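Student: I have a new structure to look at and would like to learn how to read it. Could you walk me through the features step by step?

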Amino acid sequence: MVAGDFNGDGHQDLALSSASILVLLGNGRGGFGPPISTATTEPIQSLASGDFNNDGKLDLAVVTFGSPKSLVAFLGNGDGTFSLAQMVARARDLDDPLVYDIDGDGNEDIIVQGTIYPGNGNGAFQAPVSYPTAGTPKWIAIADVNGDGHADILGSIPSGNMSIALGNGGLSFELGADYCAGSSGGWIGAADFLGHGRADIVVITGSYIRLLPGLPDGQYPAQPVIRLQQSAINNPVLADFNGDGNLDAAVLTYSSSISILLGDGKAGFSPGTPALAGPLPAGLISGDFNGDGYPDLVFSTNASVDLFLGNGNLDLAFTNSQSQLVIDLGNGDGTFKQGQVINQFPGAPLLADFNGDGYLDLFGNSGPEPYFGLYLGNGNGTFNQEFSAPLFCVTQVACGAAAGDVNGDGKTDLVSLQIGRQFTHTPLTVLLNTTP
């Protein structure tokens, strides 16, 4: 996936790799429209965005599967669709492209696996230019590691080394230092984690994150290691998730969860509250999709795209073994303080804004099935019970509900699910919201 404003309405959209280019247009409130498709000759492996013809509309660099693979440039039409611009390259091995004006001429270039494709600024690209590397990099990143004002290219080599090509300006590079980044190559990224004005480097290999703090002389000798609970999937996200001014990391793992690692600004990280992802997780990106100024997270699985909205502080609502619903309020540093406790709440809570006041409400079991209750949120972490009534659910039969606007009137409705052996099918009951 890649995030960007592909139709120029000021809201963040999503472009996804699939059998074709799929664009989901964001509405600025955390919602997305149906997929808009642009056909490609082959299924897509990966993509990156940039403005290749300087028209103010986002374009895409796309790597497609095939024998050989293809690197293709598509120009954005400004409405979420794209037009084929150029078959840039065909090769047996092509990995994730990176878009950056590496030669500083004002036109965006495409960099992939030790090769630069300089952009002309009109949507076309020149003949490829190789830069020196200690091996064929699978993942690359851009940073000025020696502080000379020229962009350098960092490469993660499958052997486990990290190669640095030092930029001299234009398309001239020389091979810099070579560092060990683990037993095998992994995703690589660079940012000023320590707030010292220099580029620090992060490499993810398996279940480890290695942070290489940048020294004043452009060297990277130290390698603090953070161990993840599960092996990481590529494409971690770097952002300040708790608003403390330090960069944090969100990592998608094979355990179907998103690990949040809170940075302390001193090269250290501590575990934050993980978020449950979904089966077969594939990719993770970040952006402000509802315009509230906080970074949100989007992850994809093999068949869906899910959005987590960030609010600066993450709170929790969960049920315990005593059939109590417990509200834990986030402190913004990965820790929580206990808030309200609601008794006789044996099932899982459902969170949604049912009365349209902008605050999350709670819906779920209230006493023995088939009784359910609605608790209206006050916006301060507390809830008031509105009612408790039967929900057309057969007693002693597993029952649950989901929230959504099923009739398009802008109000959050309920869909009740009944599951039992006596049913030959799974019945659904729709309850329409009649809030004035």
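Tutor: Gladly, and we can start with burial: buried means under 20% relative accessible area, exposed means over 50%, and partly exposed lies in between, using a 1.4 Å probe and protein chains only. Please keep in mind that this is a predicted model, where local features need pLDDT of at least 70, side-chain atom pairs count only at pLDDT 80 or more, and totals for chains, interfaces and linings use all residues. Residues are numbered from 1 along each chain as its sequence is written, and side-chain values use heavy atoms, with hydrogens and water left out.

Student: Is Asp 95 buried or exposed?

Tutor: Asp 95 counts as buried, because its relative accessibility is 13%. For the protein chain as a whole, 47% of the 436 residues count as buried.

Student: What does Asp 95 meet in a salt bridge?

Tutor: A salt bridge is a side-chain nitrogen of Lys or Arg within 4 Å of a carboxyl oxygen of Asp or Glu. Here the side chain of Asp 95 meets that of Lys 138, at 3.0 Å from N to O. The two residues are 43 apart and link distant parts of the chain: Asp 95 sits in the loop between β8 and β9, Lys 138 in the loop between β12 and β13. Lys 138 counts as partly exposed, because its relative accessibility is 32%.

Student: How many salt bridges does the structure hold?

Tutor: It holds two. Asp 93 is partly exposed at 42% relative accessibility, while Arg 92 is exposed at 67%.

Student: How do I read the way strands pair?

Tutor: Two strands pair if DSSP finds at least two bridges between them. One example is an open sheet of four strands in the order β1-β2-β3-β4, with antiparallel pairing. Its edge strands, β1 (2-4) and β4 (36-38), each pair on one side only. Between β3 (residues 21-24) and β4 there are three bridges, and Val 23 has Ile 36 in β4 as its bridge partner.

Student: Which strands pair with β7?

Tutor: β6 (residues 59-64) pairs with β7 in the antiparallel sense over five bridges, with Val 62 and Val 72 as bridge partners. On to β8 (residues 82-91): eight bridges join this strand to β7, again antiparallel, and Leu 75 stands opposite Ser 83. In the hairpin of β7 and β8, with five residues between the strands, Gly 78 takes a positive phi near 85°.

Student: Finally, what is in the largest nonpolar core?

Tutor: A nonpolar core is a set of buried Ala, Val, Leu, Ile, Met, Phe, Trp, Tyr and Cys residues joined through side-chain atoms within 4.5 Å. The largest one has 26 residues, and those with the most contacts inside it include Leu 154, Ile 188 and Tyr 220. β18 (200-205) is one of the elements that give two or more residues to this core, and gives the most, with four. A second, separate core of 15 residues includes Leu 71, Leu 75, Tyr 117 and Phe 125.
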